[in-house]
Amino acid sequence: MARPRKFDEQQVLDTAREQFWAGGFAATRMDDIAAATGLGKGSLYGAFGGKQELFHRVFDEYCRAIVDATAQQLRGDDKNAYARLSAYVHAVAAATAADTAQRGCLLAKGAAELTEHDKTVAERAHTAIEALRTLLEDDIAACQRNGDLAADADPGALAALVLAVLRGIEALGKAGANEETLTDIARTALAVLPRPTD
């Protein structure tokens, strides 16, 4: 009979995420994760498989968390849809500016490093990005129903534009753009969304 595990699996995943996030997949060794978690490599392999399988668990969990957090910020009634959209865009800019370690987003970091060679990461990244775009589209459609944005604009196209701006904010933040620059981008992105003409 297998012995019960004597460690907190979630804590190990959280620690592994920090290791991968700080150094990237290629530069992170199982020895590093073992040292950070205090577990032997045998325990890590037994519980999670190899480094790739462990990263898949971490990446999947991170993607789900970022989509869930975005859903909590953007879902709601039509009346407050524009306020939610504005708060969300500005929150991304503020969080990016506050990332003084310039780690960036693990979704973007993992996708940039691995999608060319790792089908699982590519598929999970695509699913997460599409989920984020859909959440933005739903909120923008709510803005249109409430009369805050032009009703004849394509909400899917506007959502894709906003998502591209947000990903750009994160990339510029990682490259060292300051808070004022990132806030200006957020403000401009909202300002260029089409308003009703009546």
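1. Leaving aside its neighbours within four places in sequence, which residues is Val121 in contact with? In this predicted model, Val121 meets Phe55, His56, Phe59, Gly110, Ala111, Leu114 and Thr115. Val121 itself belongs to helix H7, which spans residues 119-145. Its relative accessibility is 0%, so Val121 counts as buried. Sequence separation and spatial distance can also be set side by side for this residue: Ala71 lies 50 residues from Val121 in sequence, and the C-alpha atoms of the two are 22 Å apart.

2. On the overall fold, the protein has nine helices and zero strands. Read from the N terminus, the order of elements is therefore α-α-α-α-α-α-α-α-α. A box of roughly 70 × 40 × 30 Å, taken along the principal axes, is filled by the C-alpha atoms. The protein has 198 residues, of which 39% count as buried. As for contacts between residues at least 6 apart in sequence, 70% join residues at least 24 apart.

3. The packing of helix H1 (residues 9-23) on helix H4 (residues 51-74) deserves a separate point. Their axes come within 9 Å and cross at roughly 95°. H1 and H4 are therefore roughly perpendicular to each other, since angles of 65 to 115 degrees fall in that class. On the H1 side, the contact is made by Glu9, Gln10, Leu13, Asp14, Ala16, Arg17, Phe20 and Trp21. H4 contributes Lys51, Leu54, Phe55, Arg57, Val58, Glu61 and Tyr62. Sorted by class, the residues of this contact are eight nonpolar, one polar and six charged.

4. One cavity of 30 Å³ or more is counted, and the volume of the largest cavity is about 30 Å³. Its lining consists of Phe20, Gly24, Phe25, Phe55, Leu106, Lys109, Gly110, Glu113 and Leu114. Helix H6 (residues 106-114) gives the largest share of that lining, five residues. By class the lining divides into five nonpolar, two polar and two charged residues.

5. The largest pocket has a volume of about 450 Å³. It is lined by 22 residues, and Ile66, Val92, Ala95, Thr96 and Glu170 are the closest to its centre. H4, helix H5 (81-98) and helix H8 (155-174) are the elements that give two or more residues to the lining. The largest share, six residues, comes from H8. The classes of the pocket lining are 12 nonpolar, five polar and five charged residues.

6. Is Arg84 buried or exposed? Its relative accessible area is 13%, so Arg84 is buried, the cut-off being under 20%. Not counting residues up to four places away in sequence, Arg84 touches Gln73, Leu74, Arg75, Gly76, Asp77 and Asp139.

Terms used:
Residues are numbered from 1 along each chain as its sequence is written. This is a predicted model: local features need pLDDT of at least 70, side-chain atom pairs count only at pLDDT 80 or more; totals for chains, interfaces and linings use all residues. Side-chain values use heavy atoms; hydrogens and water are left out. Axes are lines fitted to C-alpha atoms, for helices over the stretch in contact, and angles run from 0 to 180 degrees between N-to-C directions. Helices (H or I, at least four residues) and strands (E, at least two) are DSSP runs, numbered from the N terminus. Angles under 35 degrees count as roughly parallel, over 145 as roughly antiparallel, 65 to 115 as roughly perpendicular and the rest as oblique. Contact means heavy atoms within 4.5 Å. Ala, Val, Leu, Ile, Met, Phe, Trp, Tyr, Cys and Pro count as nonpolar, Asp, Glu, Lys and Arg as charged, and the others, Gly among them, as polar. On a 1 Å grid over the protein atoms alone, a cavity is a set of points where a 1.4 Å probe fits but cannot get out, and a pocket is an open set with protein on both sides within 12 Å along at least five of seven lines; lining residues have an atom within 4 Å of a point. Grid points are joined across faces, edges and corners, and a volume is the space filled by probe spheres set on the points. Buried means under 20% relative accessible area, exposed over 50%, partly exposed in between (1.4 Å probe, protein chains only).
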